[in-house]
Amino acid sequence: MPTATFQHLDDQKRQRITAALLTEFSHHSLADAQVARIVKEATIARGAFYKYFDDLTDAYQYLYQVALQSIHRDVPMTAGTPLDVAATYQAVASFVDQAANSPYYALIQRHFTQNEGQLPAEPMPTTPLPAPVWAAMVLSHATIKEILLHPEQRTADLDRFHTALQALA
């Protein structure tokens, strides 16, 4: 994850760097990504990149978390919050239906097709989630992955997802 130095940057500079990361990782796999292109687009020194991130994988994981937070921003997923079936379903349906308009579409699609297997296993969130909320989160990601990889099965995948959410609630 980014360093405290990155977290303390002014919003405009942090957004510029995040935008450069999004461009790079939307157009290139993690294996083909280059710090040189990122720093050029972000207009920062190469050394600054390494003050903010350990390496490209670290920068990618930061960006992927930003994307997930944006996609799930309308879904209550905190400890003590019951599963909101409608909000969870709507968040996934909205993303896949408007995926081509999302700034994160290419990133998420590339994640599932090229980058997912190159990343270290992600630890579980430090805040324990109720089992139904955790299961809904896992199902959300699996459903998005299936639809992005096999868009012709969109309706069946969303129907199955909705049924599973109702069973969890």
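The chain has a mean pLDDT of 89, and 91% of its residues reach 70 or more. The model is predicted.

**Arg-110**

Arg-110 belongs to helix 7 (residues 105–115). The side chain of Arg-110 does make a polar contact, at 2.6 Å, with the side chain of Gln-114.

Which residues touch Arg-110, once neighbours within four places in sequence are set aside? The contacts are Phe-25, Ser-26, His-27, His-28, Ser-29 and Asn-115.

**His-27**

One of those contacts of Arg-110 is His-27. His-27 sits in helix 2 (residues 11–27). Its relative accessibility is 55%, so His-27 counts as exposed. The side chain of His-27 reaches back to the backbone oxygen of Thr-23, at 2.7 Å. His-27 also lies 7.9 Å from Leu-107, C-alpha to C-alpha, although 80 residues separate the two in sequence.

| Pair | Kind of distance | Value |
|---|---|---|
| Arg-110 and Gln-114 | side chain to side chain, polar contact | 2.6 Å |
| His-27 and Thr-23 | side chain to backbone oxygen | 2.7 Å |
| His-27 and Leu-107 | C-alpha to C-alpha | 7.9 Å |

**Thr-43**

Thr-43 lies in the loop between helix 3 and helix 4 (46–52). Its phi is positive, at about 50°, yet Thr-43 is not a glycine. Is Thr-43 buried or exposed? Thr-43 is exposed, because its relative accessible area is 56% and the cut-off is over 50%.

**Helix 8**

Helix 8 (residues 131–149) has 19 residues. From first C-alpha to last, helix 8 reaches 27 Å. That is close to the 27 Å expected at 1.5 Å a residue.

Which residues of helix 8 are buried? They are Val-133, Ala-135, Ala-136, Met-137, Ser-140, Thr-143, Ile-144, Ile-147 and Leu-148. The cover over these buried residues includes helix 5 (56–71), helix 6, helix 7 and helix 9 (154–168). Helix 7, part of that cover, is also the helix that holds Arg-110.

Note on methods: Residues numbered from 1 in each chain as written. Heavy atoms only, no water. pLDDT = per-residue confidence, 0-100. Helix = DSSP H or I, 4+ residues; strand = E, 2+ residues; numbered from the N terminus. Polar contact = N/O pair within 3.5 Å; in protein donor to acceptor, adjacent residues only side chain to side chain. Contact = heavy atoms within 4.5 Å. Buried < 20%, exposed > 50% of the residue type's maximum accessible area, 1.4 Å probe, protein only. Expected span 1.5 Å × (residues − 1).
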